[in-house]
Structures are given as C-alpha cells and as structure tokens.
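Here are my notes on the model you passed along.

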Amino acid sequence: MFLLPCSALALLLLTCLALEPAPRRPPPSNPAFRSFQRQFLLGYLPALAADWLQGPLLFQLLHSRGFLRSQIATLYSCGFASNVAFGLVSGVFVDRLGRKKSCVLSSVLCSVSCLLQLSHDFLALAAARVLAGLGTSLLFSAFESWYLHEHLERHDFPAEWIPDTFSRVALWNSGLAVAAGLLAWLLAEGLLLGPAAPFLAALPFLALSGIFTGKNWDENYGKSRPCGKACGEGLRGLVSEPRALLLGLVQALVESILLIFAFLWTPVLEPHGIPLGIAFSAFMAASAAGSALFRRGATGRLRLQPLRLLPGSVLLLALALVLLALPLDAPGDFFAVLLLQLSCGIYFPAMAFLRRRLEGGGNAAGGARWLRLPLGLGVALALPALPGDPAGTRAVLGAAALAALVALGAAGGVLGTSRGDEGLRVGDEGLLEGDTGE
C-alpha cells in the first residue's frame, strides 16, 4: 500500500508540470512592487503551511486518544460550525478590527488550537476545534483583504499586477499542501513521533507568520458597516439575482459535501493500510492538477468556459462519490478520492470566476453565505449521528452523491440562463485577479 500513493503522487506532480500554461504576461520588474510582494508572501505562506499541516492526521490523532467515532464526529462538528457561522460575519469583523490585527489573531487562535490538541480532555479538544474554525476563517479572509488594500490604496500599484501575486500564492499553496502531507507522514510514521507531531510542527510556522506580520505590515481597515445591515444587504442582493442564487446553491451543496468528506476520507482509506500523510499529498497533487487543467482549458486553444467547466466538475464529484459508495478494493477507493480531488481543483477556480463576475463584489457576494450557513450547520449537527460501520459510511457517501446531482442541476441552471452573456466568458485578457482563487 506504500507504493500506491507514492506512484500516484509522482505521476500527478508530472501532470501538473505538463499542464501548467505559460504566463501570458511577463512579471512586473518594479523593485518596490517586488519588495512589497515578498513582504506579503513571507507573512502569508507560513500561515498556509501551518494550516495544511493540521489536515492529514486529525482523525487519526483523535482516534488515538481513545474517542469513539461519534465523539470524533462531534469534535469535527465543532470546527465546522464555528467556521461556517463566523464566515457569515468575518468580513465585517476583519474590516472593523483591522486586517493586520486579524491576520495576527488568526495565527494566535490556530497556535492555541494546536497546543490544545495535546490534551486528552474532550472539552479541551472541542475548544481546539472551535478555535481552529475561527482561525481558518480569518486566514482565508484577512490576508488577501489586507493585500488588496495595500496594493491599490497605499502603494497605488496597477491592478494588472495583482494576478502575479495571487498566481504565486496559488503555486506555493499547492506545493506547501503536498509537502505538508509528506512532512506529516515523516514525523508521525517515519520518525514514530505520533499523530500529534504535525500539530507541533505547525507552531513555528504560525509564530513566524504572526511575528513577521505584526512587525512588518501596516494596518488598514475596511468600510465600517453595521453587521446586521451588511447581512441584510447580502440577502437582498442574492434574492434579486436568480443566477447568483443558483450559483450560491451550488456552492452551499458542494461545500457541505466536502465537509462530510473531510470527516469520512480517513475511515474509508485507513482500513486499507494506505499511509495517510502520503495519500494526503497525492490528493493535494490531484487538486493542483485539476486547477492546472482549468487554467489550461480556459486560457489555451480550447477556451473552455467556466460556465461549462463548473457543471463538469460537479459531475466528476458526483461520479467520485458514487464510486466511494460502492464496496471497492484499496486501489478503487484511492482512485475515487483522487477523482474527487481532481474535481475540486476544477470546481474552485470555476466557482471563483463565476462568483466574481455574477456578484461583482456587490451585495450578492455576502448573500451567498446565507445559503452556506443552514447547510453547513445542518452537516455539523448531523455528523455525530452518521452510522459508524463501513456499510453505513458507504450509504452516507451515496446520499452525498445525490446531493451532488442536485448541485449539478443548479449548475446547469446557471449555464442555461447565462447563454450569450459575454461577461461570464474568459476574454483575450485571460484570467484576472480573483478569477482563480478559492
């Protein structure tokens, strides 16, 4: 079982290199911009590395503490619920507190969460998951908001230079995700330090991010708006744009499915004896291959439009879940998870592109979170009640496949109501800032 994920990882990394399109524009050579970009990456990338280190062995760590699967599910639910609920107001919170302070707070919350993972107490571990959910929500909102404000407002750099920074972030993020799985395996199994070791290894990265950000970044703030008013405007904006409503439904369903999968992938693969850290690296390489495939398809000769790539990615997701619902052998299950991760690599940039173009940063952008909230909280509440036997796990994955088919119908609705809309097509300028982010 060791050769299976290793060979898949090597093949997928070669695929990424082959698929990655050449940059359409030469990188900016402005020394001031390069210095600013380097400052941002030195603060952001360590935080991303720490986040990835906490993913591969969480289930294994909690299981080693002697908890039942239903108790482990409850701990996962604490993290899911805090992340989804705080995500509804995270933008307003970050704008009010200050984006630099929010970045530092993210590192602090995640550091405390990693330390609490050393505990055997259920309540301490529940607190760890809640803090991790809050810290992760800040991680994926505060850093990029800080960068955009500094780039455009303080330094007055051209907006055309923004994609260079985010393409570097995407490249580094994929590499860090793959490396995190390998490091987690090396620490936990290669050096026999146990599944808590990757959480301790995340602490220096979090300290580096928090200290560097606090000492070297300037503070900036967003527009101060009452939280209730911002949420109300978002909900009204969502209802007023039917296509944004359908797109929000796709996002809510797919991301709810991925919450379930984040809990179930270890119980599916661990009985086969597949090393989880290396498998995680292969999954991240599959996701990176999917993103490279999206960029190649959208900007290459084929000019496959995100409107069509989004339903295609959801269809692949549904197929992967159908395969996982069947009683397959180790290679079959492993291939199905790789297919699921490949679909995610296509889905996230396609969703980001369409969401940006349809919502235009307006009210519907916040309204989409209203659809995520009930489904995400519903998954969090239902997770502890999921059956723990292998047959029950397969049945849950089968139900998730049905939900993916509903998401596919909604994605088809977006496609059917957007034909001829040139604003939703990739033009000659290619993919711009924000079009390929998660």
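The points below take these topics in turn.

1. A caveat before anything else: this is a predicted model, and residues are counted from 1 along the chain as its sequence is written.

2. Salt bridges first. The count comes to seven. One of them pairs arginine 34 with aspartate 164, with the closest N and O atoms 2.9 Å apart. Arginine 34 sits in helix α2 (residues 31-53) and aspartate 164 in helix α8 (residues 162-190), so this is a link between distant parts of the chain, 130 residues apart. Are the two partners buried or exposed? Both arginine 34 and aspartate 164 are buried.

3. Arg34, Asp164 and Arg168 are linked in a network of salt bridges. If you're colouring the model, show these three together.

4. Next, have a look at arginine 154 and aspartate 218. They form a salt bridge whose closest N and O atoms are 3.9 Å apart, and the cut-off for calling one is 4 Å. Arginine 154 belongs to helix α7 (residues 122-154), while aspartate 218 is in the loop between α9 (197-216) and α10 (227-240), so the bridge ties together parts that are 64 residues apart in sequence.

5. Aspartate 333 and arginine 394 make another salt bridge, 2.8 Å from N to O. Aspartate 333 has 0% relative accessibility and counts as buried. Arginine 394 comes out at 16%, and it counts as buried because the cut-off is under 20%.

6. Staying with arginine 394: which residues does it touch, leaving out those up to four places away in sequence? They are Val268, Leu324, Ala325, Leu326, Pro327, Leu328 and Asp333. With aspartate 333, the side chains are also joined by a polar contact of 2.8 Å.

7. On cysteines, the structure holds zero disulfides. Cysteine 6 is partly exposed, with a relative accessible area of 25%. Cysteine 78 is partly exposed too, at 22%.

8. Now the leucines. Leu115, Leu118 and Leu200 make a nonpolar surface patch of about 240 Å². Leucine 118 is in the loop between α6 (99-116) and α7, and at 38% relative accessibility it counts as partly exposed.

9. Where does leucine 206 sit? Its place is in helix α9, and at 3% relative accessibility leucine 206 counts as buried. Setting aside neighbours within four places in sequence, leucine 206 is in contact with Ala50, Ser107, Cys110, Ser111 and Cys114. Leucine 206 and alanine 47 are 159 residues apart in sequence, yet their C-alpha atoms are 5.5 Å apart in space.

Notes:
This is a predicted model: local features need pLDDT of at least 70, side-chain atom pairs count only at pLDDT 80 or more; totals for chains, interfaces and linings use all residues. Side-chain values use heavy atoms; hydrogens and water are left out. A salt bridge is a side-chain nitrogen of Lys or Arg within 4 Å of a carboxyl oxygen of Asp or Glu. Helices (H or I, at least four residues) and strands (E, at least two) are DSSP runs, numbered from the N terminus. Buried means under 20% relative accessible area, exposed over 50%, partly exposed in between (1.4 Å probe, protein chains only). A disulfide is a pair of cysteine sulfur atoms within 2.5 Å. A polar contact is a pair of N or O atoms within 3.5 Å; within protein, one must be able to donate a hydrogen and the other to accept it, and residues adjacent in sequence count only if both atoms are side-chain atoms. Contact means heavy atoms within 4.5 Å. Patches are made of residues with over 30% relative accessible area and no salt bridge: like charges are joined within 9 Å, nonpolar side chains (Val, Leu, Ile, Met, Phe, Trp, Tyr) within 5 Å. Accessible areas come from the Shrake-Rupley method with a 1.4 Å probe; for residues, only the protein chains shown count as cover.
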